[in-house]
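Colleague: I am new to this one. Could you show it to me and take my questions as they come?

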Amino acid sequence: MDDITSILSKYPEGVTENLIPVLQEIQDSTSYLNGEIVQAVAAYLKIPAVKIYSVATFYNEFRFNPGGHYHIQVCQGTGCLLDGSEQIRRELMRLLEIGPGEITRDGWFSLEWVPCLGVCQEAPVISINGKIITNMTPAKVKEVIAQYRKSR
Ligand code: FES
């Protein structure tokens with residue numbers, strides 16, 4: 001909880017406009033949000049906790065369960081489906097040997113299928129810890145995973 005307090009102290013108290021950057025910075029540090037975090041943010045920014053849940057569940061980038069060190073979201077929107085996201089999902093499952101909602105044994109990667117990530121013109125799209133990667137192909141999936149594995 002010290003991490004949360006230290007992140008919150010970087011922002012002015014009671015300024016509700018900072019909600020999203022605050023949640024992003026906390027999630028970068030803790031890898032996911034939970035009830036304790038939501039209560040701490042609510043008290044500090046003076047926003048009802050229910051409003052924070054509503055914002056955090058609206059945006060795909062926020063999550064309430066622990067994922068891998070790198071959390072990979074694969075868009076399942078219509079644009080991505082039409083442009084081959086099924087192949088991207090299959091390649092990720094093959095390389096990582098996990099399915100959606102699972103974490104690799106080393107804790108390094110987790111997978112999730114999500115609705116439209118908002119950049120349909122560059123489909124198919126994935127996101128890794130909130131970083132959008134566009135125009136995916138199975139070969140590009142292989143390269144991206146190899147790069148992230150190297151960062152271990
Ligand atoms: S359908 Fe995939 S980004 Fe919109």
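Colleague: Which strands does helix α6 lie across?
Modeller: Helix α6 (residues 85-96) lies across β1 (70-75), β2 and β3, and runs at about 155° to β1. Helices (H or I, at least four residues) and strands (E, at least two) are DSSP runs numbered from the N terminus; angles, from 0 to 180 degrees, are taken between N-to-C directions of lines fitted to C-alpha atoms, for helices over the stretch in contact. Residues are numbered from 1 along each chain as its sequence is written. This is a predicted model, in which local features need pLDDT of at least 70, side-chain atom pairs count only at pLDDT 80 or more, and totals for chains, interfaces and linings use all residues, while side-chain values use heavy atoms, leaving out hydrogens and water.

Colleague: And what is the strand order in the sheet?
Modeller: The order is β2-β1-β3-β4, in an open sheet with mixed pairing; two strands pair if DSSP finds at least two bridges between them. At the edges are β2 (109-114) and β4 (131-133).

Colleague: How many bridges join β3 and β4?
Modeller: Three, in the antiparallel sense. S127 stands opposite I132 in β4.

Colleague: Changing topic, what is I52 in contact with, beyond its neighbours within four places in sequence?
Modeller: I52 is in contact (heavy atoms within 4.5 Å) with L19, L23, V38, V41, A42 and I47.

Colleague: Which element gives the most to the largest nonpolar core?
Modeller: That is α3, with seven residues; the core has 22 residues. Such a core joins buried (under 20% relative accessible area, 1.4 Å probe, protein chains only) Ala, Val, Leu, Ile, Met, Phe, Trp, Tyr and Cys residues through side-chain atoms within 4.5 Å.

Technical notes
Buried means under 20% relative accessible area, exposed over 50%, partly exposed in between (1.4 Å probe, protein chains only).
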